[in-house]
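Open the structure in your viewer and keep the selection tool at hand. The tour below goes from stop to stop, saying what to select and what is there.

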Amino acid sequence: MSKTVSEQAAQAVEWPRLLEFLSQYAQSAIGVARCRALPLSGELASASLRQQETTEMVGLLEGSDAVPTLSFPDIREQLIRSKKGGVLEAGELRDCAVILTVMAEVERYTESHSGEIQALMRLLEPLQITKSLKGLLRAIEGAIQSDGSMKDTASPELRRLTHHALELKQAIREKLEQILHSKRYEEVLQESYFAQREGRYVVPVKTDMRGRMSGIVHDVSASGATIFLEPRELVELNNSIKVADLEVEREVQRILRELTSLVASRAEDISRGIEVLVECDVVRAKAEMGRRLKCSPVFLNEKGRVLLKQARHPLLLIAKDHVLANDIHMDETVRVLVISGPNTGGKTVTLKIVGLFALMVRAGLHLPCAPESEMAIFTDLYADIGDAQDLSRDLSSFSAHMIQMIHLLSESATGQAPNETFAQRSLVLLDEPVTSTDPHEGAALAEAVLCRLAELNMKVVATTHYGALKELAQTTPGFANASVEFDVEHLAPTYRLFMGIPGGSSALEIAGRLGMDHSILNDARKRLRREDQRLDELMAGLQRKQHQLMEDGEKARQARQEAEQAAREVQAIRAQLEEAHQEARRGLKKKLGEQFQRARAEVQATVDSLKRDQKLIKAKETKQRLSELEMKTRQDLAPTSEPIPVQQLTVGAAVEIVGLGVTGSLLEPPQGKKRVRVKVGEGEILASVSSLVGIACEPSVMSVQPASSVSSPRRVTTSNGLGLDEQTVVDVRGQAADEALDQVIAALDRATLSGAPFLRIIHGHGTGRLKAVLRDYLKDSPYVAEFRPGDRAEGGDGVTVAKLR
């Protein structure tokens, strides 16, 4: 078979109709023509690349950055004429500028989206606007208006000549106005206006008054009552205008020749650019049609697998929005699919779906089916659909079909020996093969033909009413049955396809619904063989069960989707509630923090006053109560989790030091001790057992600061005499600024109550923001007399040491 689709096969599956619809989405005249003769790929790699181009274009069209318009004129003939020495008109040069502008826009758009369009980049790669092309565009735009007329400023000489001609025309108009308003010629003139004839200015004179005005007659009105006369006093001025116009035209022609020469020198580059734009326009049309028909890219193969899910006929989708989708499965093991069922039940529709899909994937079109579908590449398509009767050749329907079948078999047998590769490259579509003859002989011949095509390793889809073919498909390896459903109640096809089961013709039921006499129908039923009746009833029962199963499956699928949607909605509501709860907690925490801040300031003022009165003990008690209230509130606001009793903690257990708000791991058992060593990060802290809370987390997870931050020294006494325990040190590394500030304020409270002279704040280096926030606060804190960065032994600038009042 030919590697190109024959016109007969294309017409049989209505391929030209689909291409005509595709062409409506092209924006250029050349693109429209290219869509109507869309080329087909013969190899898997080429077809996959074209499909990928369409997929990428769909992504661009659905993006926020609009794809450039690809509407441009066809100037291929003008380019050929320019290379042969012809001179292009101003409008034709304007069209060249339009092409160059579109090329530049597409090139800029491509560069900005190069990361998204790998396949399209290969297509658009030849589109390069060189410096010479940019210079040509500037030259044309500098000389030609957007309406295709020449600019007066195209050259200095043209500007001078144009201005001179305009001055002359203004002068002659002034003289004409004098003539028209002169009392001398008031009775001579037919009307008070002037006109032009053959480029010369004239006035309308009454025919019977022509002797009253001397001059040259240039025209006569249709009625003969008026002559158009050039007054003698205007002859010289008209001559001057004629000469000036000729000089302007000569300069215009010189400019046109010069621009045409530039176009001719870059004609090859422009031609290549046009070809790229046309291909881009075609790809865009494919993408637009795919979006309109809700199509998807599918997986392609060379193995003959046709696994279509939710497939819909594209031409039916053009006519109406809702089209019943069907699954069509023909894997490598199925070579022949026999589709049976009533007339007008949709058998031929299914046949054409397979044929159209086979052509669409070769053209790079998306398919109207589910994206998880799979379609084989068939380079050879044979389709015998419809009545092939030809009275001009004295051929009956049977003879015409037989000639086509003989041609197919002979061409296949001589052109290619049966092998696995050829198996998956040829698709044969037969609409009720071997009919219009004796049913028994026709069925036998149809069986033989299908078996021979299967031996030749062709992929065959055939429709039939023959019971013998249904039996053949049910019992022969490599064959499969399918059937279409017909709504007998409403005499309408449902186009629903059932894979794996044959279908009855329902001829008697349909005839009865159409009004056939019941006595004739009963007589016909009596004449049917009992086996045939039982077979029809069996197939009808199978279809009803299959239909019920499909409906139940669809209901289950919808129920599952609704349940999944409900679950997503519940999850979203839960997240919203959680966010609202957290927001409320944050608001309360902020409000309490502000209240505590005011209370601290008041307490500190009281402390300062009592210090002078030697009543510091009472002030400390007041601050202690305030600190306890703040700690309790913070614990109430903190996420609740079940703490582990201290008595159950062992070495290595994860603990939180409540006073400091940091976590670490025990270095010694706490039982029977007042203080224990706790590892925090890479350092140690000596903490009170009463301030420890066991947490059910791994220490490595709960550690609040990484080892790479400022290193914390072990439990030692520095040169400044600072003891590293929970009363004189707070570690806020890795925390947000507001959380760290809360901990530092709490630590200042505790340090002041304990009478500690200093507080060591470990914040690390990081970006420096946390350090800046904390030090800004310390400047105005009522507890802090002064502060300084830590020395090298204390941790350097990753530590701030605050001296308390």
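Is Asn457 buried or exposed? Select Asn457 to begin: with a relative accessible area of 8% it is buried, where buried means under 20% relative accessible area, exposed means over 50% and partly exposed lies in between, using a 1.4 Å probe and protein chains only. Before going on, note that this is a predicted model, in which local features need pLDDT of at least 70 and side-chain atom pairs count only at pLDDT 80 or more, while totals for chains, interfaces and linings use all residues. Residues are numbered from 1 along each chain as its sequence is written, and side-chain values use heavy atoms, with hydrogens and water left out.

Asn457 sits in the loop between α16 (439-455) and β12 (459-464); helices (H or I, at least four residues) and strands (E, at least two) are DSSP runs, numbered from the N terminus. Most residues other than glycine have a negative phi, but phi of Asn457 is near 65°, a positive value.

Next select Glu198, in the loop between β1 (195-197) and β2 (200-206), where phi is near 55°, again positive in a residue other than glycine. Glu198 is exposed, with a relative accessible area of 64%.

From there, show the open sheet of four strands, which follow the order β1-β2-β4-β3 with antiparallel pairing; two strands pair if DSSP finds at least two bridges between them. The edge strands, each pairing on one side only, are β1 and β3 (215-220). Five bridges join β3 to β4 (residues 226-231), and Val217 stands opposite Leu229 in β4.

Now turn to the core, and select Trp15, Ile270 and Met375, the residues with the most contacts inside the largest nonpolar core, which has 112 residues. Such a core is a set of buried Ala, Val, Leu, Ile, Met, Phe, Trp, Tyr and Cys residues joined through side-chain atoms within 4.5 Å. Helix α11 (residues 267-292) gives the most to this core, with twelve residues. A second, separate core of 24 residues includes Val336, Tyr382, Leu430 and Phe479.

As a last stop, select Lys352 in helix α13 (residues 347-362), which counts as buried at 15% relative accessibility. Leaving out residues up to four places away in sequence, Lys352 touches Ala12, Val13, Glu14, His313 and Ile385, a contact being heavy atoms within 4.5 Å.
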